[in-house]
Amino acid sequence: MDRKRILLIDPPFYRLFKETFSLVKYPLSLGYLAAAVRMHTDWDVLVYNGDFSPVSEPLEMTYLTGQGFQNYLKRLKDLSGKVWQEIRTVVSEYGPAVVGISAKSPTFASVRAVASLVKKVDAGTMVVVGGPHPTVVGSRVLDCPDIDVCVVGEGEKTLIDLLRAFENQIELAGVRGIFYRQGGRAVATLPRESVKDLDALGFPHQFAPEVLRDYVRYPLKAFRHIFATRGCPRNCFFCGSREMWGRRVRFRSPENVAQEIKSLQNKGLKFVHFDDDMFGVNSRYLRALSKEILDRCPGIHWSCETHVRLISRENVSFMKAAGCYMIQLGVESGNDRILSEIRKGFTIKEALEACEVVNRHDISLETFFMAGFPQETRETLRDTLRAIERIDCDKVVYSIFTPYPGTEAFDFCRKKGLIDDSYDASLHNHQSPANCFCLRIAPEQFRALSARIEQAVDEKNRLGRARKVERYSRLLGPDFSAGTPPVRRDQALKVSKILPSVGL
Ligand code: B12
């Protein structure tokens, strides 16, 4: 093979809603894959985050659900826009032999567009797609004629084997964990075993200066994300993580995680964020990890997402002592019946108590809520609205329920006739106004109820922001930027003007 160059792409998604939006993050998927390529092959690798824009402004929730969604649909149809031109330029300038694209179900329409642009630039380029979406839908990814190989599950080893096979022009049949085309048919290879020793993987940020396009334009905080474990033991009705990682958790050693944090600290980073589904997983590991961070990385501040069940005075004290400054909790609903049906494993009272424990430790708190589960009624949504209004936290992140392929929620919606074979997951994401999968609420009414909740979230976050800025600058120092500016009041009001009053 004359050009051993692989280009790894995270497709644009939020930037299709609003061109000036930027996801200021080095995607961990591509970071891990690029590290594997650098450590185990002699291929050149370039990483391009299609959702990053060096000149950016923050995206607002109201913009995503409103006009932004129309822009998203328009941009997906018209490939002459600025974002797509940028991709064309990246591909033709680099001239890769292989392009690897990362796909989530809602980003798959964008993935298809990227694949078609790659083939337009050079039809001989091999297009490989991996990530949560291909992992759950498998060979169906190959219905897109511009995609040559579909990778199922973890990609580090599979990608290396694939590059070796391409390079030596060997049959792909021997590469585990893929679907490929043979004689016009999709063929599956043997399943790929999961990575046993997570400590043996490279650190995602390790090669970023050499491999990431526009590296110098990324602020340091774009590299703050870490994964300490793979897999989540919980069994939430709506979650897509189970199919990707399974419920058996694999742990990195606390020493290895602390080593990664130390190397980020050495680069000047003052705070890191754990992207794990459930930070800590159990009290033993949570405390061991906290202790290791405290011993090896004094001065670091960190944040994480975890589960209400793991919040106890003892655990939070350990976390606080080790530098934890912000915790995110998925509360999801304000109604106990819904919480039980989606199997969150706690009641709203328990969730509020957990919030109190976090607040008592002077740790910033963010909560996730969702609305529109199939089992919802007006009353359960009213409970969620009330919970959002009364929960004592610095920020609420609100999502509209979306059935992702491979989840129990998806099968449930199919069985109940809420979706059928024509369901296109790329038209449905957490902000899609097209979403309504409620058995007992009509779409118009759901949209109005959801708009009312959005308004409450915007209002809450406007007030929470001042608190957050004060707390962050006290805990992290004055040079810390707390993220997005306040949601503009006029923007929040616009939604309620358009929609009728729903009496919540
Ligand atoms: C952090 C996170 C985010 C962050 C950052 C996303 C980013 N682009 O970096 C934010 C909050 C912005 C986000 C947004 C969204 N997210 Co998200 N996110 C996650 C989370 C918690 C961790 C992702 C991660 O870094 N994992 C660690 C890396 C190492 O794993 P990985 O990404 O899966 O990559 C591995 C394999 O998939 C594979 N692989 C991945 N890409 C490729 C490419 C190639 C070529 C190959 C060979 C292999 C390969 O190899 C990698 C290494 O083993 C996951 C849940 C989870 N546990 O994974 C949800 C998750 C991936 N997100 C999900 C969704 C739906 C979204 C949104 C679409 C939500 C929305 N707004 O509607 C958006 C999409 C935005 C975008 N531009 O990507 C779903 C996907 C479900 C599905 N069926 O597709 C998940 C699984 C959440 C869930 N519980 O259901 N997300």
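First, a working rule: a residue is buried at under 20% relative accessible area, exposed at over 50% and partly exposed in between, with a 1.4 Å probe and protein chains only. By that rule phenylalanine 223, at 8% relative accessibility, counts as buried, and so does tyrosine 218 at 7%. Keep in mind that this is a predicted model, where local features need pLDDT of at least 70, side-chain atom pairs count only at pLDDT 80 or more, and totals for chains, interfaces and linings use all residues. Residues are numbered from 1 along each chain as its sequence is written, and side-chain values use heavy atoms, with hydrogens and water left out.

Now the rings. Those of Phe, Tyr and Trp (its six-membered ring) pair if their centres lie within 6.5 Å; planes under 30 degrees apart are stacked, over 60 edge-to-face, and the rest tilted. The count comes to 23 aromatic pairs. Take phenylalanine 52 and tyrosine 218: their centres are 3.7 Å apart and their planes at 15°, so they are stacked. Phenylalanine 52 lies in the loop between strand S2 (44-49) and helix H3 (61-65), and tyrosine 218 in the loop between helix H9 (208-211) and strand S8 (225-226), so the pair ties together parts 166 residues apart in sequence. (Helices, H or I of at least four residues, and strands, E of at least two, are DSSP runs numbered from the N terminus.) Tyrosine 218 also forms a tilted pair with phenylalanine 223, at 6.0 Å centre to centre and 50° between the planes.

Elsewhere, ring pairs link Phe13, Tyr14, Phe17, Phe21, Phe69 and Tyr72 into a cluster.

Finally, look at helix H8 (residues 156-167): its buried residues include Leu159, Ile160 and Phe166. Just after H8, glutamine 169 takes a positive phi of about 50°.
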